[in-house]
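Dear colleague,

I am passing on a structure for you to look over, and my notes on its pocket and its salt bridges follow. Please read them beside the model.

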Amino acid sequence: MVEIVLVLSLPLAGAAVLALFGHRRVAADINVAVSVCTLLAAAALTARVVIDGPLLALDRQFFVDPFNVFLVALTAFVGFTTSIFSRPYMRIEEQHKRLNAARLRLYHSMYQLFNFTMLLALLTNNLGILWVAMEAATLTTVLLVSLYRTPASLEAAWKYFILCGVGIAQALFGTILLYFAAEKLLGAGGGALLWTELDSVKGSLEPTVLSLAFVFLLVGYGTKVGLVPLHNWLPDAHAEGPTPVSAVLSGLLLNVALYAVVRCKVLVEGSVQTSFAKDLMMGFGMLSVVVAALLLSRQKDIKRLFAYSSIEHMGIITFAFGMGGPIANFAGLLHMTVHSLTKSAIFFTVGHAAQKAGTQVIDDIRGLVTINPQLGWALAIGSLAILGMPPFGVFASEFLILTTAMRDHPWATPLLLGSLGLAFAAMFSKVQPMVFGETAAKRLPLRPSMLPVYAHLALVLMLGLWIPPFLADWYRQAARLIG
């Protein structure tokens, strides 16, 4: 229980401290210190779950098992590395007069509050609190997306707020339907919204009500995942917000929203005893993969390019969890991990490149290996990794997903292969001149913070070559828990 309290209280306390001192020079160091303490607390919680098994705490309001503790560890790690990246990045933004002291204070405090909402959503056992945490995450990220206060960033923030606000309202209705379905069995108390209680009686829940609830929950939380056709907010939010915000949106928020969908899918499958939930997730996932692959070639903004790549990969993960089974679930969890690590590393690199060029327009960014070899090679390697080139972890997870689809759902194979091929061609044609094209620009005078990039790409490479036995067991346990 102590570990859960620490994981949640540290970022919340950090947000309060940074709300007071976030405008001072030491704020970036405080942000990093709070993030590393949160990571250590998450590591302690992970060790506790590995040793003792699933935990219930604080009057059953919080629940930890191998599925969500894996995401807690990933969230804390990406939150920590992003805080390291944001130190020099936000300092340069301040020097360029894009941000002032008041907005830096808003950034630092909302960054920690966002981490708190993500961790709360993952750790809570109460589906009502899960909904509140997702709504709070929306509000905090709206303030982060609009940080620059330009017309484009304000428009992106409003679009994000309205679309995700409407989506989260659908999720609220789905949650209410779940409560009504469980009230007859579990009583009118708060236990009717506890996931562990619902899971124990899922076979007795009314199938029709559960099916209707899942439609609303998938549409609601699927909006936060960025599934097509609910994705319109995502490219704008990634493109107009600060780059550290783009990294945590792609690396954390999308995962947590999909986690909520998968938890609800477990309940529906146990009640309905049909492929209803699976078919819906596979359909939305495949549509997202195909549409995102088609739209990649039309992008002219580098952050929008990788935002559409996030839509594609979240579609792949949703499709994997929709197929279900031990192999597909294992592959979905692995893909969730490697996508978070790779995409956040790419956004770190893209942020430095856009700062140097003074623009996010792809055609205006050229010759990164000349300007800064580390930056250029990092973008090239990160792009190859996210495109599924061996021996990176994305290749391993996509290979498992594709072979499972060939065996169980042959109709999906040409769609997946065609979409992956289109995405490869579109992204490679955009990234290659940015990295190796001719340029008259001078070398980058300041050394960018590349340690987070190296750490992420090294982990993705390792997961493509060798998955440590304890991590493989972890994935297998989580895969069994989600069906």
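**Pocket lining**

The lining of the largest pocket consists of 18 nonpolar residues, two polar ones and no charged ones, where Ala, Val, Leu, Ile, Met, Phe, Trp, Tyr, Cys and Pro count as nonpolar, Asp, Glu, Lys and Arg as charged, and the others, Gly among them, as polar. Please bear in mind that this is a predicted model, in which local features need pLDDT of at least 70 and side-chain atom pairs count only at pLDDT 80 or more, while totals for chains, interfaces and linings use all residues. Residues are numbered from 1 along each chain as its sequence is written, and side-chain values use heavy atoms, with hydrogens and water left out.

The space in this largest pocket is about 480 Å³; a pocket here is an open set of points on a 1 Å grid over the protein atoms alone, where a 1.4 Å probe fits, with protein on both sides within 12 Å along at least five of seven lines, and lining residues have an atom within 4 Å of a point. The volume is the space filled by probe spheres set on the points, which are joined across faces, edges and corners. Of the 20 lining residues, Ala 73, Leu 74, Phe 77, Leu 471 and Trp 474 are the closest to the centre of the pocket. At least two lining residues come from each of helices H2 (27–52), H3 (66–95), H13 (326–357), H18 (451–465) and H19 (469–481), and H2 supplies the largest share, six residues. Helices (H or I, at least four residues) and strands (E, at least two) are DSSP runs, numbered from the N terminus.

**Salt bridges**

The whole structure holds 13 salt bridges, each a side-chain nitrogen of Lys or Arg within 4 Å of a carboxyl oxygen of Asp or Glu. One of them joins Arg 263 and Asp 65 at 3.0 Å, N to O; because Arg 263 lies in helix H10 (residues 243–272) and Asp 65 in the loop between strand E2 (62–64) and H3, the pair ties together parts that are 198 residues apart in sequence. Both Arg 263 and Asp 65 are buried (under 20% relative accessible area, with exposed over 50% and partly exposed in between; 1.4 Å probe, protein chains only).

Also within H10, Glu 269 and Lys 265 lie four residues apart, about one turn of the helix, and form a salt bridge at 3.2 Å between the closest N and O atoms. Lys 265 counts as buried, at 2% relative accessibility.

With kind regards
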